[in-house]
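This briefing covers aromatic ring contacts and the exposure of the residues involved. The model is a predicted one.

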Amino acid sequence: MPAPRRRAWPALALLFVLAALAAPAVAAPVPGWLRMDIPATGSYLWRYLPPGADPTAPLPVVLFLHGAGGAPENYQDYVREA
């Protein structure tokens, strides 16, 4: 007679809890520009959080798409106040 199959979910649940406890705490976002690299594509984006913005409250998102072979850094001065 074959041995009864054990359920793996208790062990998986324990691993999930331990991983969650070991994960670093997420810090509040720092105002200003933050470069975020996208390794899968070799690309990147810039996130800007205005000073005085409350990161715990919903904020509008402005998506700026540049083109013509330029770099996003070339447009930071133009979009900062928006």
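Trp33 is partly exposed, at a relative accessible area of 27%. Tyr48 is also partly exposed, with a relative accessibility of 26%. Both values fall in the partly exposed class because that class lies between the buried limit of 20% and the exposed limit of 50%.

**Aromatic pairs: count and the strand pair**
- The model holds 3 aromatic pairs.
- One of them joins Trp33 and Tyr48, whose ring centres are 4.7 Å apart, with 40 degrees between the planes.
- This geometry is tilted.
- Trp33 belongs to strand β1 (residues 32-38) and Tyr48 to strand β2 (residues 43-49), so the contact ties together parts that are 15 residues apart in sequence.
- Ring pairs also bring Trp46 into a cluster with Trp33 and Tyr48.

**The loop pair**
- Phe64 and Tyr75 form a tilted pair, with 5.4 Å from centre to centre and 55 degrees between the planes.
- Phe64 and Tyr75 are each in the loop between β2 and α2 (76-79), and the pair links distant parts of the chain, 11 residues apart.
- Phe64 is partly exposed, with a relative accessible area of 43%.
- Tyr75 has a relative accessible area of 24% and is likewise partly exposed.

**Charge over a ring**
- Arg35 places its charged end over the ring of Tyr44.
- The distance from this charged end to the centre of the Tyr44 ring is 3.7 Å.

Definitions and conventions
Residues are numbered from 1 along each chain as its sequence is written. This is a predicted model: local features need pLDDT of at least 70, side-chain atom pairs count only at pLDDT 80 or more; totals for chains, interfaces and linings use all residues. Side-chain values use heavy atoms; hydrogens and water are left out. Rings of Phe, Tyr and Trp (its six-membered ring) pair if their centres lie within 6.5 Å; planes under 30 degrees apart count as stacked, over 60 as edge-to-face and the rest as tilted. Helices (H or I, at least four residues) and strands (E, at least two) are DSSP runs, numbered from the N terminus. Buried means under 20% relative accessible area, exposed over 50%, partly exposed in between (1.4 Å probe, protein chains only). A charge sits over a ring if NZ of Lys or CZ of Arg is within 6 Å of the ring centre and within 35 degrees of the ring normal.
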